[in-house]
Amino acid sequence: MKRLLFVLTAACMAAVLSAATVNYTADNTTIFANPERGFYTELDHVVTKKKPHCVKDRKDEIREYYINKDKKSLLLVLYYLDNFKSTATLPEEVLKGFDEDMQALRDLGVKAILRFAYTADDNNDQIGYDAPLSIVESHIGQYKSHWEANADVIYVFQAGFVGAWGEWYYTSNFGNKESRMNDSHRALVDTLLAAVPADRYIQLRTPIFKTDYVDDTKALTVDEAYSGTAKARIGHHNDAFLYGDKNQGTYVDTATQKPYLAKETLYVPIGGETDILDAEQAAEDASYERTTGEMSRLHWTFLQGEYSQTVTDMWRENGTFDELNRKMGYRYQLVSGTFSAEVKQGEKLSVKLQIRNVGYAPLYNERSAYIVLKNGNKKYALKLATDPRTWLPNGVISSVDEQLTIPANVPEGVYQLYLHLPDAYETLASDSRYAVRFANMGVWNDETGMNNLGASVTVTAKGEPVDPEPQGDAIVLPATLNKSNVTAYSDDMTWYNNDYFDFGSEDAPNTERWAEWMVELKYPGKYIVSENMATANGTGHQWQLQLLDKESVSASYTAEGTWDDGDITYDEKWDLNAVAKGVYTLRVQNIMEWGQPKLRSLTLTYDGDQPTQGDDVRTLNADDARVYQAYDLLGRPVDDSYQGIVILNGKKQLRKNH
């Protein structure tokens, strides 16, 4: 009770300073779980048709010992497919068991480092008897859709599949003890990159395997990072961390490969385990100085918490374990924040933050940051442009300086400010266990997963109307509107998953949700509005589509529901003949009070008359060019050398120059 009183008092005292800079107190001692980082526990299982589960049957043990006690957020889930080395098709029970394991991870609030192997045996003349490439590729093909469906709880994929423990050394099918990328390895990586969801990394066992595969010994740069290329998606895992100078063959040349990794791992994850079993060697190779030095230099983000116990027991005794538990991966701290004290509806909230990352590594998987305004049950989330993955580690302070538009529909009142970094997946975004906690005194709310900024803003009625000031370039109609070009939305956008805008479940529809795009209407006329829907499951949908100016609704359109099942694309006409040229806000809002409406995208196509070989086909002369500006079908201005269909004076024409 005393602790709760202190937290509330600290937050209230900070709120008094909301008009100026708020200085935050760092928490450098508390050990707490944060998603996608830290010590992990390995769970492995030899899969059978009758016993396909690695996680599901151990939930109570995992919750009690690894989550509640050790504050872990990661499990290495290792499936041994020994029983299917010569079977091209896995039983459906095995695939179903995998899905059930992934659901168990959601229930537990943790994520998986995922690996597959065909044997844990290296005693047969030091050959790991695994499966041939054709079998491996067949199995990966079966798992592909299941990996995609469960990517939310998969932190990273380890290449695996080859040899004993999936570590690519002792192998009967891929070149035993091979230290360089061969054709079979390359084919496997090709298959994995095609099957693993594009927003997830794949880790290879040694640096040289990656440089061989990408045919490039230069480390990944900030310009190449997050680009989706093979180089940007392949990280590193080391299963002999700290063992001697070269970590049992992990490195060939430490003088070049460690500097390479020090640059690479700012953008791709590294992690693994140490396998030192001798106590005297552990005291030397895994000393506090060497361990923390290597982890901070190479941006270590996760490590096996139990193996080797020789090392982890030593670390627990000398205090190293607790420091690694705090600093492995990222550990963000608020240093200071400055916020507007009062903002009118529709105007800008100034946000300036100083954020220090005292961890060894950055974030790797995509994650957005939001400033949340909260007053009782009213909550509005404003997305920051900053990318948290760029908040560099080892004590670097990153600055956030942004102007965020307060939506015009936010009611007047005093709103507490929060910083929220939810999971990028809609399935986890509302789960506080998957949100990022900042290491400060009195800021974390365990129930909401938000960090209290100790400041408030008073929202007042909007002032006199002013001309709209678009941020960035308006989208010229016709265009397709989706997640990639959305301008604003009604809340924290946790209802947007990888494929669609989710406007609520059948039991809890949300008629307050909307998404907006800033668009430019260069030529009035009639448009075809094509709505691409995700599976409707027979429940239908209904939208309100509006074109809003600075004060009111200039034109509106309502698409009535459809009762089709499956993926849907259907078209309706929208007459904008009476709307003046200019920049507008195009809003789509759910108005259905039941059902499960899911929207992938809106496409607006100009519906001018189709040209014929008659009057509409003509030669433009100099007078035409001076009077009218012509546009292509994407709304881009074209000169008189352009041939093809153009929009000229609000009408579609086939233009030919003679």
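A polar contact here is a pair of N or O atoms within 3.5 Å, and within protein one atom must be able to donate a hydrogen and the other to accept it. The views below show a predicted model.

**View 1. The side chain of Q158 makes a polar contact with the side chain of R115.** The two side chains come to 2.8 Å. Q158 belongs to strand β5, residues 154-158. Is Q158 buried or exposed? Q158 is buried, because its relative accessible area is 3% and the cut-off for buried is under 20%.

**View 2. Residues from several parts of the chain touch Q158.** Leaving aside residues up to four places away in sequence, Q158 touches L76, I113, L114, R115, Q203, H237 and F302. R115 is also the partner in the polar contact of Q158.

**View 3. A barrel of 8 strands holds β5.** The strands follow the order β2-β3-β4-β5-β6-β7-β8-β9 and close into a barrel. Their pairing is parallel. Neighbouring strands of this sheet are turned by 30° against each other on average, direction ignored. Strands of a sheet pair through backbone hydrogen bonds.

**View 4. Strands β8 and β9 pair in the parallel sense.** Strand β8 covers residues 270-272, and strand β9 covers residues 302-304. The pair is joined over 2 bridges.

**View 5. Helix α6 lies across β6 and β7.** The helix runs at about 155° to β7. Just after α6, D215 takes a positive phi of about 55°.

**View 6. The whole protein has 13 helices and 34 strands.** The protein has 658 residues, and buried residues make up 55% of them. Take the contacts between residues at least 6 apart in sequence: 78% join residues at least 24 apart. The accessible surface comes to about 28,300 Å². Carbon and sulfur atoms account for 47% of that surface.

How values were computed
Residues are numbered from 1 along each chain as its sequence is written. This is a predicted model: local features need pLDDT of at least 70, side-chain atom pairs count only at pLDDT 80 or more; totals for chains, interfaces and linings use all residues. Side-chain values use heavy atoms; hydrogens and water are left out. Helices (H or I, at least four residues) and strands (E, at least two) are DSSP runs, numbered from the N terminus. Buried means under 20% relative accessible area, exposed over 50%, partly exposed in between (1.4 Å probe, protein chains only). Contact means heavy atoms within 4.5 Å. Accessible areas come from the Shrake-Rupley method with a 1.4 Å probe; for residues, only the protein chains shown count as cover. Two strands pair if DSSP finds at least two bridges between them. Axes are lines fitted to C-alpha atoms, for helices over the stretch in contact, and angles run from 0 to 180 degrees between N-to-C directions.
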